[in-house]
Amino acid sequence: MRKSIIAVVILIMAVCLMSACMHFPAEGDASKGSLTVAAESIKLSKTSMKVYIGEPAQLVATLQPQETTDIPSYSSSDENIITVDKHGNLEALAEGSAEIAVKVGALKATCRVTVEYPPIDRIDFSTQTASIKVGETLTTEVVLHP
């Protein structure tokens with residue numbers, strides 16, 4: 001009798017342990033096998049910004065709730081002016097302005113980006129010193145920094 005009670009207790013403990021280790025999908029999520037949390041809001045780190053050609057820039061999307069399983073997608077309204085990758089990294093290509101959008105489902109946030117050439121710090125000539133005679137021509141180039 002005592003062996004039967006011990007066997008029943010061990011069986012109950014085994015069932016409890018197996019139940020605790022099993023994953024049960026959320027209601028209505030049986031096909032995915034995992035819990036999904038939808039984003040309720042989306043916000044970009046900036047709503048407008050200036051970017052210089054050749055200099056790195058990034059926009060960061062913040063989703064709420066933080067536990068969301070949604071992944072934002074970025075896009076540019078004019079990829080001839082500025083492009084954006086899946087991480088929000090911007091590449092300024094030409095002067096102008098464009099809108100960067102980030103979307104999750106029906107949610108959307110935007111940032112107006114103005115692209116300019118970087119300001120000129122210094123102007124030099126490709127030839128620093130030269131000697132020429134009357135009637136000769138010297139060709140040099142203007143070098144802008146940066």
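**Figure 1. Threonine 68 in the loop between E4 and E5.** In this predicted model, the residue shown is threonine 68, which sits in the loop that joins E4 to E5. Threonine 68 has a relative accessible area of 15% and is therefore buried, the cut-off for that class being under 20%. Its side chain makes two polar contacts with backbone atoms. A polar atom of the threonine 68 side chain lies 2.8 Å from the backbone oxygen of valine 37. The side chain of threonine 68 also reaches the backbone nitrogen of alanine 39, at 3.2 Å. Leaving aside residues up to four places away in sequence, threonine 68 touches Val37, Ala38, Ala39 and Leu63.

**Figure 2. The cis peptide bond between glutamine 64 and proline 65.** Most peptide bonds are trans. The bond from glutamine 64 to proline 65 is cis, with omega near 0 degrees. Proline 65 is placed in the loop between strand E4, residues 61–64, and strand E5, residues 73–76. Threonine 68 of Figure 1 is also placed in the loop between E4 and E5.

**Figure 3. Serine 76 in strand E5.** Serine 76 belongs to strand E5. With a relative accessibility of 14%, serine 76 counts as buried, because the class takes values under 20%. The side chain of serine 76 has a polar atom 3.2 Å from the backbone nitrogen of aspartate 78. At 2.7 Å, the serine 76 side chain reaches the backbone oxygen of isoleucine 82. When residues up to four places away in sequence are not counted, the residues that serine 76 touches are Ile82, Thr83, Val84, Ala98, Glu99 and Ile100.

**Figure 4. Glycine 88 in the loop between strands E6 and E7.** Glycine 88 is found in the loop that runs between strand E6 (82–84) and strand E7 (89–92). The relative accessibility of glycine 88 is 0%, so this residue counts as buried. Not counting residues up to four places away in sequence, glycine 88 touches Ala57, Gln58, Leu59 and Tyr74. Between glycine 88 and proline 72 the C-alpha to C-alpha distance is 9.6 Å, with a separation of 16 residues in sequence.

**Figure 5. A nonpolar surface patch with residues from strands E10 and E11.** Ile120, Ile123, Phe125, Val142 and Leu144 make a nonpolar surface patch of about 490 Å². At least two residues of this patch come from strand E10 (122–125), and at least two from strand E11 (142–145). Phenylalanine 125 is located in strand E10. Its relative accessibility is 46%, which means that phenylalanine 125 counts as partly exposed; the exposed class takes values over 50%.

**Figure 6. The protein chain as the setting of the close-up views.** Read from the N terminus, the order of elements is α-β-β-β-β-β-β-β-β-β-β-β. The protein chain has 146 residues, of which 21% count as buried. Its accessible surface comes to about 11000 Å², and carbon and sulfur atoms account for 57% of that surface. Of the contacts between residues at least 6 apart in sequence, 49% join residues at least 24 apart.

Methods
Residues numbered from 1 in each chain as written. Predicted model: local features only at pLDDT ≥ 70, side-chain atom pairs only at ≥ 80, totals over all residues. Heavy atoms only, no water. Helix = DSSP H or I, 4+ residues; strand = E, 2+ residues; numbered from the N terminus. Patch = residues over 30% accessible without salt bridge, like charges linked within 9 Å, V, L, I, M, F, W, Y side chains within 5 Å. Areas by Shrake-Rupley, 256 points an atom, 1.4 Å probe, with all protein chains shown as cover. Salt bridge = Lys/Arg side-chain N within 4 Å of Asp/Glu carboxyl O. Buried < 20%, exposed > 50% of the residue type's maximum accessible area, 1.4 Å probe, protein only. Contact = heavy atoms within 4.5 Å. Polar contact = N/O pair within 3.5 Å; in protein donor to acceptor, adjacent residues only side chain to side chain.
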